[in-house]
Amino acid sequence: MQLGLSEEQEMIAATVRRFVEQEIYPHEAEVERTGEVPSELAEQIKKKTLDLGFYACNFPEDVGGAGLSHLEFALVERELGRGSMALTHFFGRPQNILMACEGEQKDRYLFPAVRGERMDALAMTEPGAGSDVRGMKCSARRDGGDWILNGTKHFISGADHADFVIVFVATGEDDTPKGPKKRITTFLVDRGTPGFTLREGYRSVSHRGYKNMVLEFDDCRLPDAQVLGEVDGGFAVMNEWLYATRITVATMCVGRARRAFDYALDYAAQREQFGQKIGKFQGVSFQLADMITEIDAADYLTLAAADRLDKGLPANREIASAKLYASEMLARVTDAAIQVHGGMGLMDDYPLERFWRDARVERIWDGTSEIQRHIISRELLRPLGA
Ligand SMILES: Cc1cc2nc3c(=O)[nH]c(=O)nc-3n(C[C@H](O)[C@H](O)[C@H](O)COP(=O)(O)OP(=O)(O)OC[C@H]3O[C@@H](n4cnc5c(N)ncnc54)[C@H](O)[C@@H]3O)c2cc1C
């Protein structure tokens, strides 16, 4: 599905697809088996991405990025979605929230992140606060001119490789007609800062080797210079820069679904039972028809949402619809791909059981399916006063 893409945009997608096939696929089975990405391999992927000019391609050219549009970046993520996340993590796409860096923060965080010298992780979720971000307990209080952070964040992806983390913590509370509402501030915290420790998180069925970590802050002292954006302005920073990240999840789902589909299509065209190709049975071929239809629908929905962002149009509902539909589509497609393969689909000779497991988290992170449905329905009903 190409949706009237320009030659250059098609070339971007083809270049990333080739990179994933050549530099990521050959290492996937090993990462899956060990649950680790060897540091030499991580560095190699990073270097090749830098050489290709795609590192931090989500950043504007004036800070050293490739200046891709939202649509072009969605194409990049779609192709990366085909590969193991543990490995494509090193095809660096730093959090674009770093664009909120001011003054010397740019030299310490933004530019090194864009150059691939320092990696980041983003920490919002806590054991007691997931969908309900404002329910966070992690807090910072003033002490002289400094801040003292206390609390725990969990499920933080990529923090094992991060040189610094972008952390959201409560810095106060406002009384509102709907009850008390936390004020949130964003901090940049370097690995090795006294009072900040990292430990291994949980073992997840999805995306082995792409680890989630637990972050502990125990009287962690930070100067004002570590505040990203305004004090108490965490929600503003979040809304400005994290608004579009759900498109990333949606496009990656599309890429992974196409890869699973290709396996199913091939198998249906090769495997014989009852003296003929199984693809000749409507019970199989109609599954393929449904799969490709859903994949194309998710692809259109996702690229259309990205295109709205490029055009400066409101896209909150459209992004939520894309994330919701693409992640649920991926679950159905990976399940059907296994069905087409019969018993072999469950064996790790094929990557299908991995795609099926990996698909599960997509309906949970970056806002669960229920939260996406909440966003979509509120956008529809709020203007009607309901
Ligand atoms: C592998 C992994 C990696 C992650 N990486 C990161 C990361 O890097 N950084 C980060 O900050 N977070 C990360 N997350 C956290 C992720 O965003 C949260 O898991 C997600 O937002 C859901 O929060 P929760 O798991 O606490 O579930 P909960 O919020 O406790 O939800 C439990 C259930 O209740 C439902 N529910 C909750 N509220 C509502 C509501 N209002 N209406 C209807 N249903 C509702 C949910 O949909 C869900 O079904 C990661 C999670 C995982 C699993």
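This is a predicted model: local features need pLDDT of at least 70, side-chain atom pairs count only at pLDDT 80 or more; totals for chains, interfaces and linings use all residues.
Colleague: How many residues does helix α1 have?

Modeller: Helix α1 spans residues 7–34. From its first C-alpha to its last it reaches 40 Å, close to the 40 Å expected at 1.5 Å a residue. The number of residues in α1 is 28.

Colleague: At which residue does α1 bend?

Modeller: The bend is about 45°. A proline, Pro26, follows within four residues of the bend. The bend lies at Ile24.

Colleague: Is Ile24 buried or exposed, and which helices do the buried residues of α1 pack against?

Modeller: Buried means under 20% relative accessible area. Ile24 is buried, and the buried residues of α1 also include Phe19, Val20 and Glu23. The buried residues of α1 pack against α2 (39–52), α3 (70–80), α4 (85–88), α7 (245–270) and α10 (352–362).

Colleague: Which residue just after α1 takes a positive phi?

Modeller: The phi in question is about 75°. The residue, just after α1, is Gly35.

Colleague: Which helix gives the most to the lining of the second largest pocket?

Modeller: This pocket has a volume of about 250 Å³. Of the 14 residues that line it, the closest to its centre are Ala29, Glu32, Asp348, Pro351 and Arg354. α1, α7 and α10 each supply at least two residues of the lining. With five residues, the helix that gives the most is α1.

Colleague: How many charged residues does the lining of the second largest pocket have?

Modeller: By class, the lining has five nonpolar and no polar residues. Glu counts as charged, and Glu32 is among the residues closest to the centre of the pocket. The number of charged residues in the lining is nine.

Definitions and conventions: Residues are numbered from 1 along each chain as its sequence is written. Side-chain values use heavy atoms; hydrogens and water are left out. The expected span of a helix is 1.5 Å times one less than its number of residues. The bend at a residue is the angle between axes fitted to the seven residues ending there and the seven starting there. Buried means under 20% relative accessible area, exposed over 50%, partly exposed in between (1.4 Å probe, protein chains only). Contact means heavy atoms within 4.5 Å. On a 1 Å grid over the protein atoms alone, a cavity is a set of points where a 1.4 Å probe fits but cannot get out, and a pocket is an open set with protein on both sides within 12 Å along at least five of seven lines; lining residues have an atom within 4 Å of a point. Grid points are joined across faces, edges and corners, and a volume is the space filled by probe spheres set on the points.
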